[in-house]
Amino acid sequence: MVFEPPKRLVRALGETAPDGDDWLEKLPEAAQQAVALRELTVERVQVPGGRSSLVVLVRAADGTPAVLKLAPGRARPEAERAALAHWAGRGAVQLLEPFSAEGVLLLERLHPDVSVRSLPEAKALLEAAGTLRRLWVEPPADFSFETVADRTGRQAEAMRARAQADPAVAPLVGLALAAREELLAAPPEHRLLHGTFRQSKVLGGERMPWLAVGPDPVVGECAFDLARLVRDRVEDLIAQPSGAATTRRRVKRLAESLDVDQERLRGWTLFRAVESGVRAGRVGRPRDAELLLEFASWL
């Protein structure tokens with residue numbers, strides 16, 4: 001089988017590495033080797049798939065359905081492996097192979113085309129939040145995960161540079177950076193976080209109704225993780241005449257349901273929305289940038 005990377009993956013990797021690298025060129029051969037080594041039977045490449053990895057639906061030699069995932073080093077696959085091993089299937093997809101070649105993960109097969117995003121909005125938020133709660137545990141002592149301070153520090157530098165180049169975004173960037181500084185002054189806890197949690201990252205399973213996939217783990221406070229969920233279905237929020245009020249109610253409801261400080265959640269939601277909006281503008285996605293920055297202005 002020829003392992004052709006989906007267009008979505010090619011486009012997304014082009015955004016994160018505009019100067020290119022050789023990972024995509026080596027990917028077909030790496031996928032063939034990973035399949036042969038494990039004596040897997042390939043069913044299909046998942047399309048449109050993810051934005052940072054090739055996802056292949058396979059069966060093990062004994063017929064067990066599984067997922068083979070290959071990711072470049074900049075997607076931090078070894079951190080994902082460490083987090084999944086630490087969660088051990090509690091709220092997240094099960095890691096089937098604790099140790100393997102760098103950048104290759106063999107995972108429990110979930111229902112790849114069924115996420116909580118397929119549910120009505122209120123139900124989707126409830127189920128997603130319940131899944132996220134199970135992931136917030138003490139980080140393992142034997143792996144050094146990136147911290148929220150470090151990750152957002154890199155992002156803050158890129159935001160400042162963009163604000164200098166585009167004065168129109170400077171006011172929102174200033175608010176977001178000020179919120180970050182205040183939030184980092186006294187974080188209330190240090191937990192292992194999913195890092196990129198949203199409704200589409202929660203898939204239907206057999207062991208449990210819903211399980212999280214695709215973490216980009218980070219250690220920090222729970223409000224940082226929850227902040228990305230607040231803006232889920234942002235295009236629907238923007239289309240509503242009462243979008244701003246709905247957003248503020250969502251912040252309040254999610255904060256209360258997961259026992260997170262409402263103002264800290266609002267602050268991290270602001271920072272993450274502005275950061276995503278600025279990044280979207282920088283890589284040539286003006287429509288996404290417009291939606292995210294309008295959403296951020298409501299906070």
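Analyst: A residue is called buried under 20% relative accessible area, exposed over 50%, and partly exposed in between (1.4 Å probe, protein chains only). Helices (H or I, at least four residues) and strands (E, at least two) are DSSP runs, numbered from the N terminus. This is a predicted model, in which local features need pLDDT of at least 70 and side-chain atom pairs count only at pLDDT 80 or more, while totals for chains, interfaces and linings use all residues. Residues are numbered from 1 along each chain as its sequence is written, and side-chain values use heavy atoms, with hydrogens and water left out.

User: How many helices and strands does the chain have?

Analyst: The count rests on the DSSP runs described above. By that count, the chain has eleven helices and nine strands.

User: What radius of gyration does the chain have, and what would a compact globule have?

Analyst: The radius of gyration is taken over C-alpha atoms, and the globule rule is 2.2 Å times the number of residues to the power 0.38. For 299 residues, the rule gives a compact globule a value near 19 Å. The C-alpha trace spans about 55 × 40 × 40 Å along its principal axes. The chain agrees with the rule, because its radius of gyration is 19 Å.

User: What percentage of contacts between residues at least 6 apart in sequence joins residues at least 24 apart?

Analyst: Contact means heavy atoms within 4.5 Å. Of the contacts in the chain between residues at least 6 apart in sequence, the share that joins residues at least 24 apart is 71%.

User: What percentage of the 299 residues is buried?

Analyst: The limit for a buried residue is the one given at the start, under 20% relative accessible area. In this chain of 299 residues, the buried share is 51%.

User: Which residues of helix 7 are buried?

Analyst: Helix 7 covers residues 222–230 and is mostly covered, with nine of its nine residues buried. The buried residues are Cys-222, Ala-223, Phe-224, Asp-225, Leu-226, Ala-227, Arg-228, Leu-229 and Val-230.

User: Which elements do the buried residues of helix 3 pack against?

Analyst: In helix 3 (residues 77–87), eight of the eleven residues are buried. Among them are Pro-77, Leu-84 and Trp-87. Their packing partners are strand 3 (65–70), strand 4 (104–108), helix 4 (121–135) and strand 6.

User: Is His-194 buried or exposed, and which backbone oxygen does its side chain reach?

Analyst: His-194 lies in the loop between strand 6 (191–193) and strand 7 (202–204). His-194 counts as buried because its relative accessibility is 0%. Leaving aside neighbours within four places in sequence, its contacts include Trp-87, Lys-201 and Asp-225. At 2.8 Å, the side chain of His-194 reaches the backbone oxygen of Val-213.

User: Where is the cis peptide bond that involves Pro-48?

Analyst: Pro-48 is in the loop between strand 1 (41–45) and strand 2 (54–59). With omega at about 5 degrees, the cis peptide bond joins Val-47 and Pro-48.

User: What is the phi of Arg-233?

Analyst: Arg-233 is found in the loop between helix 7 and helix 8 (234–239). At 12% relative accessibility, Arg-233 counts as buried. Arg-233 is not a glycine, yet its phi is positive, at about 60 degrees.

User: Is Asp-259 buried or exposed?

Analyst: Asp-259 lies in the loop between helix 9 (243–257) and helix 10 (262–282). Its phi is near 55 degrees, a positive value in a residue other than glycine. Because its relative accessible area is 72%, Asp-259 is exposed.

User: How far apart in space are Arg-134 and Leu-211, C-alpha to C-alpha?

Analyst: Arg-134 is placed in helix 4 and is partly exposed, with a relative accessible area of 37%. Not counting residues up to four places away in sequence, Arg-134 touches Arg-90, Gly-91, Met-208 and Trp-210. Arg-134 and Leu-211 are 77 residues apart in sequence, and their C-alpha atoms are separated by 9.9 Å.

User: How far apart in space are Ala-178 and Ala-31, C-alpha to C-alpha?

Analyst: Ala-178 lies in helix 6 (residues 170–185). Ala-178 is partly exposed, with a relative accessible area of 46%. In sequence, Ala-178 and Ala-31 are 147 residues apart, and from C-alpha to C-alpha the distance is 44 Å.

Methods:
A polar contact is a pair of N or O atoms within 3.5 Å; within protein, one must be able to donate a hydrogen and the other to accept it, and residues adjacent in sequence count only if both atoms are side-chain atoms.
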